[in-house]
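Biologist: I would like to learn how to read a model of this kind. Could we go through it one feature at a time?

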Amino acid sequence: MSSATAKTNTALRRSQAVPFLETHDLHKRYGGVHALKGVNLKIERGRSYHLLGENGCGKSTLIKIISGAQRQSSGQVLIDGHERSDLDPIGALEAGIETVYQDLSLLPNLTVAENIGLTEQLVEGHGRLVRPLKVGRVRETARRALEVVGLPDDRAFMSTPVELLPIATRQLIAIARGVAGRAGLVIMDEPTTALTRREVSHLISVIRRLQDEGTALLFVTHKLDEAREIGGRGIVMRDGEFIEEIDVTETDNAEISYLMTGRRLELGRYRAARSNVDAAPLLEVERLTRGKGFEDVSLTVARGEVLGITGLLDSGRRELALALAGIAATDRGTIKLGGERIDVSSPAAAIDAGIAYVPEDRLTEGLFLEKPIRDNIIMSVIDRLRGRFGLVDRRQANELTERTVEDLKIVAPDISASVSSLSGGNQQRVLIGRWLATDPKLLILNGPTVGVDVGSKDAIFRIIQDQAEQGMGVIIFSDDLPELLQNCDRIIVMRDRRIAETFPADKVDEKALYAAMGATARIAGAA
Amino acid sequence: MTTMSEATTDAPAAGEDAMSRSTLYKGRAARWMVRHPAVFPFVLLVLIGLVVGTINPFFWQLANLFDILRAAVVPGLLALGVLVVLAAGGLDVSFTAIAALVMYPVAVFVSGSAPDLGIAPILLMGAVAGGLLGTVNGILVNVLKAPALIITIGTQYAFRGLLLTFVGTALFTNIPASMTRFGQLALFRGTTQSGLNVALPAFVLVFLAAAVVTWLVLNRTLIGRAIYAVGGSSDIAARLGYNVSRVHLFVFAWAGMLAGVAGIMHVTANRLANPFDLAGTELSVIAAVILGGARITGGTGTVLGTVMGTLVITLINNVLILVGVPSNWQTAILGAFILLAGLFYARLDRLAAGR
């Protein structure tokens, strides 16, 4: 105890003299792209920082340089006042910089204990590999770290390969690795995407403890509410440049959005909620049931209506989305579209019936990242573009793609650029564009703005509203409540695999929705 | 609204959402199997032994069991090399060519220039020569950044061409005395009731030693873990500070070294060096490793599993004759076993993942 206090004290004393990390005039160029344009950053011990900015603003580039994954084109990195401009991954770890990557960067085939505990020994040997492995220490380090994040630390769990664990558990393991060593700085890139509220709360208490011990934290997040919960400084970046440093608890969403985008965005509802639903609904789902997924789900969607469906992770919302898209089979119940019973036993059947489904995870379920934008967009309508000899008609394909790119305001050098070269928001627009190309009657979006910045969110919402305006029925599955409240006419809350309640979206607030979801611990909101 | 302080107080109970015991421990038996894949080939060994032994009791005679062990040495050494490369996410098919390119010149050189050389320096020569040839594979993989399979198909032809063009094509029978002696050295010698002489050849120990050392490297050194890390995902491993190109160099050198030793052992066991030997056995060696639980996609596999897998394949190749299965059928049965293993492990992975 006393040694811990002493350590904290020395850490505090030192912090007054030199910041833990500084960057001076950091530039990064990728070919012709100038990703960082002279960024100066100062990170003090024992404090939290939030890197805020739209996708493509240079946040990830900055983090890659600090964590040693990439070298800057020019500029300096100082750690403890000493110049360390030549960081590689091992050098950054030696300097006490731990990174929790957005993709988690866990080795899928290694065990929980190895993923957490190996780094320490690798760093001790300065990356040299021909050294004996201290098996007991790997386990010991892992046990300590697992305890910190609240995961079990028994032998069976620790020797499980990480790939066999659910995504939320993996995210906690990645965090455990970040806090396993006595880091001076822990960088966390979107660390809470898979976590439940309760786990987030626990994480925040872990963060507070780290801060008390003198560790600095640097977050990258799109979740402003969580940033406020953690508190600290917000570093706003736009277009590769440092814009402003703010106090995250003192600044409201509208102001932060303005700083990030340079534009004032609508944060209210896009249009008045419609209460008068058509006499003959577009979609009628009756008593739909899927084994352990969901039970007795009946709902309707009118033409031009935007319906929101939310619920906790295990509420059956994901399963329902997959069933409507023809990806998951159902046991009982009927689905009618435009008054006629339709068959959605396969994704192809659902597309034929006029249902378009934009999946949750665009990277693994949706897009062919290395393929051109054109190929991604025409993917679902390839039959329609068949020309002579059954080959794809290039001209038509290009026209369709160009129209979509223009309609959805996708920012891309040209239509043959690979999707992986686009920012997250633009990737998501390509995915939506593909499904709009099928001329669907019903558009189902699952988590349409996960990992998308505010500016792109706005653009995606406008697309959704446009489509609804033209008479398309839209269902949004999401746990982003503000997004549902802004866009939907009605919101259905699922709980324990059934529909719990239906609310008119303009007469309900987050609190009531959370209550209906049965969420026990909720992160205090922005309000 | 629930306040933050309440949220944090119940936080220690966080292990109930995604971390609930039921999700974490689903498919626990399957996970245990995933970590101990040697169980599967072991069960196969026992089953084959029981079936064949019941039909023809000769199976259980020491002479036969020793023969099987003896036959497992060369494929076993090669399989250990394949395992190490596979664990790092690559696939090596040049090992038979390396073995041949090492064994033939070494035998010719020693009997011509240093006929009195002992077995230890000969083995060392084989190991070093094989290791160097393997390093060539490693360098090519690092420099060309092409899949290891393609590169080792290339070097397989290159090495073999080198041997046949520049070294020789003729059968070489004038084996150095120390190799002949080592081939006949027995750990155990006895006479059966039927008056048959049986001997457990000492060179089985070479396989055993190679297995133990490979196990130590994979499980008790940092590079061993780095090998699996790179096999899991070389991009992520690089980001975490593992030196990926050094791992590549190491695994191919290790596989080459084992292939070199295997070549020497092949000559020792057969008392002749045939430059055309071993070619074409690559797939059955790889099959042995897969049968032992390594995934063809890399990042997995154990030494014990590989040893067991090798024994299964050797067993099938050697004992079916005892129960009167014609040799053409043996090939088909071998194929069936490999299919069975493929099915089993695919199913196991799904079970373990709770899908």
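What follows is a dialogue on chain B, its helices, and some features of chain A.

Modeller: This is a predicted model, in which local features need pLDDT of at least 70, side-chain atom pairs count only at pLDDT 80 or more, and totals for chains, interfaces and linings use all residues. Residues are numbered from 1 along each chain as its sequence is written, while chains are lettered from A and ligands numbered from 1 in the order in which they are written.

Biologist: How many helices and strands does chain B have?

Modeller: Helices (H or I, at least four residues) and strands (E, at least two) are DSSP runs, numbered from the N terminus. Chain B has 16 helices and two strands. Its C-alpha trace spans about 90 × 55 × 35 Å along the principal axes.

Biologist: What percentage of chain B is buried?

Modeller: A residue is buried if 20 or more other C-beta atoms, placed from the backbone, lie within 10 Å of its own; it is exposed if 12 or fewer do, and partly exposed in between. Of the 355 residues in chain B, 46% are buried. Contacts are another way to read a chain: two residues are in contact if their C-beta atoms, placed from the backbone, lie within 7 Å. Among the contacts in chain B with a separation of 6 or more, 78% join residues 24 or more positions apart.

Biologist: Which residues of H8(B) are buried?

Modeller: Begin with the span, which is expected to be 1.5 Å times one less than the number of residues. Helix H8 of chain B (residues 148–167) has 20 residues and reaches 26 Å from its first C-alpha to its last, close to the expected 28 Å. Its buried residues are Ala148(B), Ile151(B), Thr152(B), Thr155(B), Gln156(B), Phe159(B), Arg160(B) and Leu163(B). Seen down the axis of H8(B), these fall within an arc of 160° (taken from the directions from the helix axis to the C-beta atoms), so they line one face of the helix. Tyr157(B), Gly161(B) and Thr165(B), on the other side, are exposed. The cover over the buried residues includes H5, helix H6 (95–113) and helix H7 (119–144) of chain B. After H8(B) comes Gly168(B), with a positive phi near 155°.

Biologist: Where does the kink in H5(B) lie?

Modeller: The bend at a residue is the angle between axes fitted to the seven residues ending there and the seven starting there. In H5(B) a kink of about 40° lies at Val73(B), shortly before the proline Pro75(B). Helix H5 of chain B (residues 62–87) has 26 residues and reaches 35 Å from first C-alpha to last, close to the 38 Å expected. Gly89(B) follows H5(B) and has a positive phi, near 90°.

Biologist: Which way do S9(A) and S10(A) run?

Modeller: Two strands pair if DSSP finds at least two bridges between them. Strands S9 (residues 233–238) and S10 (residues 241–247) of chain A run antiparallel, joined by six bridges. Met237(A) has Phe242(A) in S10(A) as its bridge partner. Two residues lie between the strands of this hairpin, where Asp239(A) takes a positive phi near 55°.

Biologist: Where is Ser105(A) found?

Modeller: Ser105(A) sits in the loop between strand S6 (97–100) and helix H4 (112–124) of chain A. Its phi is near 50°, a positive value in a residue other than glycine. Ser105(A) is partly exposed, with 19 other C-beta atoms within 10 Å.
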